[in-house]
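Here is a short report on one protein model and its ligand. Look over the sequence and the structure before reading on.

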Amino acid sequence: MTDRLTIALIYGSGREGRFADTIAGWLEPELAGFGQYTIIRIDPAELTFTPGGLDEASATLVESRISQADAFLIVAPEYNHAYPAALKAIIDSCFRPWHAKPIAFISYGGVSGGLRAVEQLRLVFAELHAVAIRETVSLAHAWTHFDPVGNPFRPGQLNAQLAILLKRLTWWADALKAARTTTRYDEAAA
Ligand SMILES: Cc1cc2nc3c(=O)[nH]c(=O)nc-3n(C[C@H](O)[C@H](O)[C@H](O)COP(=O)(O)O)c2cc1C
């Protein structure tokens, strides 16, 4: 492994009463426990949205965090067989800072576990020259995985899936970071 990696943790839901906070309550301490990542958060609940997308201050903040990141972990719920509009506004707020960086998904929802949203996100991130990795942690009927105070019922299983996902994400982040250092991505097809 190379340097410590910066992962931008992006929440897809800004909905009041969102289940995303239960996922965060499990995920963030787990990520910290690995001790090898600097985590920066992009949370729609802390951003301002306009009919045209993020307002200027939020767009600037998001662009700077995406630029800083070596890799992305997107916590994506499924809304009507797709991903939430708030997440699209975050994604669309910049272009080049996504280039040649890896993305992994933790998806959740009802019967589909958010996988239909993830399949759509893969198409979107191809357009942004980003690498969506195969491994996904998917929580079908997400609320059945956690007790009323947010502890997972099967932490071993969930954490093992997360560990595999992070190993893949780290491999890609290290490889792409080294490649971007050798040749600027823009120059590769200049
Ligand atoms: C507007 C809306 C549409 C939804 N559509 C789906 C769906 O198509 N498939 C599914 O499995 N779950 C669906 N759900 C369930 C959500 O994935 C689930 O409630 C999840 O917890 C939402 O994430 P959040 O609470 O963090 O916003 C939907 C929920 C909402 C609010």
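Predicted model: local features only at pLDDT ≥ 70, side-chain atom pairs only at ≥ 80, totals over all residues.

## Ligand site

For tyrosine 79, an N or O atom of the side chain is 2.5 Å from an oxygen atom of the ligand. For tyrosine 108, a polar side-chain atom lies 2.6 Å from a ligand oxygen. Glycine 110 contributes from its backbone: a polar atom there is 2.8 Å from an oxygen atom of the ligand. On its own, the ligand has 620 Å² of accessible area, and the protein covers 77% of that.

## The sheet

The strands E2-E1-E5-E6-E7, in that order, form an open sheet of five with parallel pairing. Which strands stand at the edges? They are E2 (37–42) and E7 (131–139). Each has a single partner strand, so one side of each is left without a neighbour in the sheet. From one strand to the next, the twist averages 20 degrees.

Take the pairing of E1 and E2. Strand E1 covers residues 5–11 and runs parallel to E2, joined to it by six bridges. Within this pair, alanine 8 stands opposite isoleucine 40 of E2.

## A helix across the sheet

Helix H2 spans residues 56–68. It lies across E1, E2 and E5. Its direction is at about 160 degrees to E2.

## Two positive phi angles

Asparagine 80 is not a glycine, yet its phi is positive, at about 50 degrees. This residue is found in the loop between strand E5 (71–77) and helix H3 (85–91). Alanine 100 also has a positive phi without being glycine, with a value near 55 degrees. Its place is the loop between H3 and strand E6 (102–108).

Are these two residues buried or exposed? Asparagine 80 has a relative accessible area of 77%, so it counts as exposed, the cut-off being over 50%. Alanine 100 has 8% relative accessibility and therefore counts as buried, as the limit for that class is under 20%.

How values were computed:
Residues numbered from 1 in each chain as written. Heavy atoms only, no water. Helix = DSSP H or I, 4+ residues; strand = E, 2+ residues; numbered from the N terminus. Buried < 20%, exposed > 50% of the residue type's maximum accessible area, 1.4 Å probe, protein only. Pairing = 2+ DSSP bridges. Axes fitted to C-alpha atoms, helices over the stretch in contact; angles between N-to-C directions. Contact = heavy atoms within 4.5 Å. Polar contact = N/O pair within 3.5 Å; in protein donor to acceptor, adjacent residues only side chain to side chain. Areas by Shrake-Rupley, 256 points an atom, 1.4 Å probe, with all protein chains shown as cover.
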